[in-house]
Amino acid sequence: MQFRTRAIHVGQEPDPNTGAVVPPIHVASTFVQPGPGQWGRYDYSRSGNPTRAALEATLASLEGGCRALAFSTGMAAVHAVTMLLRSGDHILAGTDIYGGTYRLLHKIVNRAGIEVSLVDTTQPQRVAEAFRPNTRLLWIESPGNPLLSITDIAACAQVAHRHGAWLAVDNTLATPVLTRPLELGADIVMHSATKYLGGHSDLLGGVLVVGKAPLGEELYFVQNATGAVLGPWESFLCSRAIKTLELRVREQCHTAMQVAQFLAAHPKVERVYYPGLPEHPGHALARRQMQGGFGAMVSFEVSGGFDAAKRVVGATRLFRLAVSLGAVESLIEQPAAMSHASYDRKDRLAHGIRDELIRLSIGLEAPEDLIADLDQALQQV
Ligand code: PLP
């Protein structure tokens, strides 16, 4: 079955008791058992819940994995992966990653005696050189956040496996519509389901998907032991949203390309970061690795520094000034002051996240309305 069909049908079979086309939402925290010491399919909702299981089945299918786990947030999903490691292990992560992941690795995970270092993952050679004998996990995002850098997932998988490490890919920005990292050799795919999977700015969620059952078991053990599971209401909302995932993402990519082209030609814009533009350094790789679109995030720098960028993000009317991304509403933000404020400034600048950078999440509004909104806001520069 094609992706769009699986998004609607896998895990979402009609309710056998009533024939309801939409499976019911199971809110029960606990389940009656056949007898003492005898266990039914479900016993307690932290360990398993039918509504969550339905979503997990859809997600495993869309990512081409054997098992998916749904978490209460994206950060809970990232944290669960880091809990596979022990004191003395090393995590190698990309420089162009979500600010919250940076914070988790540098300010929480390191407390457990786990070493963390960053590398520019767009250069496979540098990734290979940055491995240490104790590296157990390589963590990447492609496209990266907020500079939309493109990392060669297959090349990273080869390097990681050569060193006996796992490759985990935060696939939030690409979505399985455009990129399926497990097919490229990754061991773990992670999503903030809060973004494109949920798609409507009305739920928080996180996802892990794996291609191999033993790793799935280990992660399930961590999830059940630590407890950050997705609730039944959010699981239902996410399943509902996934039915339109492909349609939304393809349309959002189409609009993002038009917005990027408009910005690239604008005199007040100094630089545009969008992998769909031929001048983007990762364009050729994105063409190979992303199927049928380059994502719906666009970043750009305006002339005039932090204050000019601040005026622009404060002047849009349709683009809402908010962190997050991936929903039907378009959003605008200034990473230096918002999504990436948790970076040390020195580190942030060293990683190319400049004060005048603006990040857009392109929604489903008409492209001409979004472009007109940006045009009037850019008069503030
Ligand atoms: N990864 C990426 C790329 C994100 O953008 C985010 C949130 O913005 C996260 C992870 C964290 O997800 P959550 O906010 O659902 O915890």
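1. On a 1 Å grid over the protein atoms alone, a cavity is a set of points where a 1.4 Å probe fits but cannot get out, while a pocket is an open set with protein on both sides within 12 Å along at least five of seven lines. Lining residues have an atom within 4 Å of a point. Grid points are joined across faces, edges and corners, and a volume is the space filled by probe spheres set on the points.

2. Please keep in mind that this is a predicted model, in which local features need pLDDT of at least 70 and side-chain atom pairs count only at pLDDT 80 or more, while totals for chains, interfaces and linings use all residues. Residues are numbered from 1 along each chain as its sequence is written, and side-chain values use heavy atoms, with hydrogens and water left out.

3. Helix H2 (50-63) and helix H9 (232-242) are the elements that give two or more residues to its lining; helices (H or I, at least four residues) and strands (E, at least two) are DSSP runs, numbered from the N terminus. H9 has the largest share, with four residues.

4. Among the residues lining the largest cavity are Gln12, Pro23, Ile25, Thr51, Phe236 and Arg240. By class, this lining has six nonpolar, four polar and two charged residues. Here Ala, Val, Leu, Ile, Met, Phe, Trp, Tyr, Cys and Pro count as nonpolar, Asp, Glu, Lys and Arg as charged, and the others, Gly among them, as polar.

5. Now to the open spaces. The largest pocket holds about 520 Å³ of space. Its lining is made of 23 residues, and Leu147, Ser149, Arg271, Tyr273 and Pro281 lie nearest its centre. Two or more lining residues come from each of helix H10 (245-264) and strand S8 (269-273), and S8 gives the largest share, five residues. Eleven residues of this lining are nonpolar, seven polar and five charged.

6. Where is the ligand? The space it takes is the second largest pocket; a molecule sits in a cavity or pocket if more than half of its atoms lie within 2 Å of its grid points. The ligand is surrounded by 15 residues, the closest being Met75, Asp170, Ser192, Thr194 and Lys195. A residue is near a molecule if one of its heavy atoms lies within 4 Å of it. Helix H3 (74-82) and strand S6 (188-192) each supply at least two residues of this shell, which divides into five nonpolar, seven polar and three charged residues.

7. A ligand nitrogen is 2.6 Å from an N or O atom in the side chain of Asp170. The protein covers 92% of the 390 Å² of accessible area that the ligand has on its own, by the Shrake-Rupley method with a 1.4 Å probe.

8. Finally, some backbone details. Most residues other than glycine have a negative phi, and most peptide bonds are trans. A cis peptide bond joins Ser142 and Pro143, with omega about -5°, and another cis bond joins Asn145 and Pro146, with omega about 15°. Pro143 lies in the loop between strand S4 (135-141) and helix H6 (153-162), and Pro146 is also found in the loop between S4 and H6. Thr175, in helix H7 (residues 175-178), has a positive phi near 65°.

Key
A polar contact is a pair of N or O atoms within 3.5 Å; within protein, one must be able to donate a hydrogen and the other to accept it, and residues adjacent in sequence count only if both atoms are side-chain atoms.
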